[in-house]
Amino acid sequence: MTTQRPSPKKSLLDLGYVLPEAPSPVASYVPAKRVGDLVYVSGQIPLSDGVLLACGRVPDEVSERSAFEAARQCALNALAVLAAESSQGLDGVAEIIRLGVFVQCDSEFTGQPAVANGASELMESVFGSEGRHVRAAVGSISLPLNAPVEVELLARMHPE
Amino acid sequence: MTTQRPSPKKSLLDLGYVLPEAPSPVASYVPAKRVGDLVYVSGQIPLSDGVLLACGRVPDEVSERSAFEAARQCALNALAVLAAESSQGLDGVAEIIRLGVFVQCDSEFTGQPAVANGASELMESVFGSEGRHVRAAVGSISLPLNAPVEVELLARMHPE
Amino acid sequence: MTTQRPSPKKSLLDLGYVLPEAPSPVASYVPAKRVGDLVYVSGQIPLSDGVLLACGRVPDEVSERSAFEAARQCALNALAVLAAESSQGLDGVAEIIRLGVFVQCDSEFTGQPAVANGASELMESVFGSEGRHVRAAVGSISLPLNAPVEVELLARMHPE
């Protein structure tokens with residue numbers, strides 16, 4: 001007997017998260033663009049209710065742990081954008097394809113993968129094996145609004 | 001009564017721009033690659049007639065305003081590459097999907113979105129709502145040839 | 001009379017390279033993800049038998065030449081990942097579409113294109129004109145595990 005996976009929304013709730021409102025872009029671009037079954041999502045920063053969860057450089061101004069949580073918030077925001085792209089909300093997401101993760105850090109920091117896991121692990125928690133994705137995680141000298149992390153995303157949607 | 005949108009080429013001219021020659025890559029790669037209806041465009045730097053419009057780091061060596069104009073030049077170069085991919089030139093472009101924008105800056109600069117708008121606003125001016133795209137804009141410690149900005153692009157083309 | 005191009009695997013051998021084992025991701029993500037005929041490959045660092053070929057910043061800690069070789073190793077690792085995605089191994093690769101190349105460097109270094117050529121030239125050597133791709137090459141303040149280069153890749157595969 002197989003147990004069915006809970007819905008992505010239920011998985012989020014079980015983890016103690018509520019899908020935020022999709023954040024508005026901070027400049028002249030759109031949050032998401034659909035091409036066939038693919039949806040590209042703009043780089044997300046860790047805004048929560050309009051305020052950055054953390055500000056500054058990893059690890060001297062923002063700890064690796066806080067940056068991990070910030071990466072997760074970026075991912076939550078990306079999920080909110082994705083959900084808004086489908087009439088079925090998160091259930092419309094077929095799989096996560098790629099994350100691009102930029103970590104604002106000093107020149108000695110080499111823990112970008114650990115920070116980016118904040119975003120990656122959320123995807124697997126919410127979507128199971130369909131949430132597993134490819135990834136590029138790199139250091140950045142500075143990011144918009146002094147965010148410690150920025151995450152962009154590519155996903156495949158179920159046909160409407 | 002509806003007014004028809006002017007052609008992308010006309011829009012460019014109305015803005016006072018002339019489409020440049022598609023720049024040659026500065027190394028072992030190609031300017032564009034087509035996969036089905038999508039065209040990927042290599043990272044463009046703000047070359048104009050073979051010379052960089054500006055050189056160096058934002059904001060101490062290159063002002064935010066100059067970097068905005070440099071980003072627009074990168075975008076113009078990307079449009080030149082796109083136009084060369086279609087027998088219809090710019091009219092062959094169906095929509096702009098994504099821009100990746102890298103800004104050479106110091107560790108205190110957080111205005112990457114404002115700089116990237118130089119590229120993003122051109123796209124909307126030229127293509128209207130089809131020019132609106134997703135975007136990732138990040139800081140970079142240094143860029144090829146000491147360019148202040150590099151812009152890569154993904155577009156969807158009309159079938160030939 | 002036309003001469004047939006040697007197979008990608010033969011081309012690699014002729015160049016003196018052996019396809020490595022596909023490296024395991026260093027965190028919570030997968031090496032490759034297939035969407036239709038496209039395969040996205042995660043950012044690769046220059047691991048060879050589990051050890052980085054070089055460590056540190058270009059050019060003071062890692063010479064431009066060593067970084068070029070490191071970029072080639074990243075590309076070899078990406079090819080190993082691609083080969084594992086097809087029942088035909090490297091012969092299953094139809095074309096290389098895009099490379100994203102991040103070079104860990106100081107703020108004065110502007111030779112990212114020369115470093116990235118280590119990856120780009122390998123693709124052309126192995127796949128001929130199908131190996132030619134678009135590219136974004138940028139500087140990065142720091143990279144995972146202190147790698148001097150990280151390379152991500154997008155390729156199109158032959159239908160299985």
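**Close-up views of a predicted model**

View 1. The copies use different surfaces, as 8% of the contact residues of chain B recur in chain C (contact: C-beta atoms, placed from the backbone, within 7 Å). The model is predicted: local features need pLDDT of at least 70, side-chain atom pairs count only at pLDDT 80 or more, and totals for chains, interfaces and linings use all residues. Residues are numbered from 1 along each chain as its sequence is written, and chains are lettered from A and ligands numbered from 1 in the order in which they are written.

**View 2. Strand β2 of chain A and its two partners.** Strand β2(A), residues 38–44, has 6 of its 7 residues buried (20 or more other C-beta atoms within 10 Å of the residue's own, all placed from the backbone). Strands are DSSP runs of E, at least two residues, and helices runs of H or I, at least four, numbered from the N terminus. β2(A) pairs with β1(A), residues 32–35, in the antiparallel sense over 4 bridges (pairing needs at least two DSSP bridges). A:R34 has A:V39 as its bridge partner. The two strands form a hairpin with 2 residues between them, where A:G36 in the turn has a positive phi of about 65°. β2(A) also runs antiparallel to β7(A), residues 149–157, with 5 bridges; among these strands' residues, A:L38 has A:R156 as its bridge partner.

Key. Buried ≥ 20, exposed ≤ 12 C-beta atoms within 10 Å, placed from the backbone. Contact = placed C-beta atoms within 7 Å.
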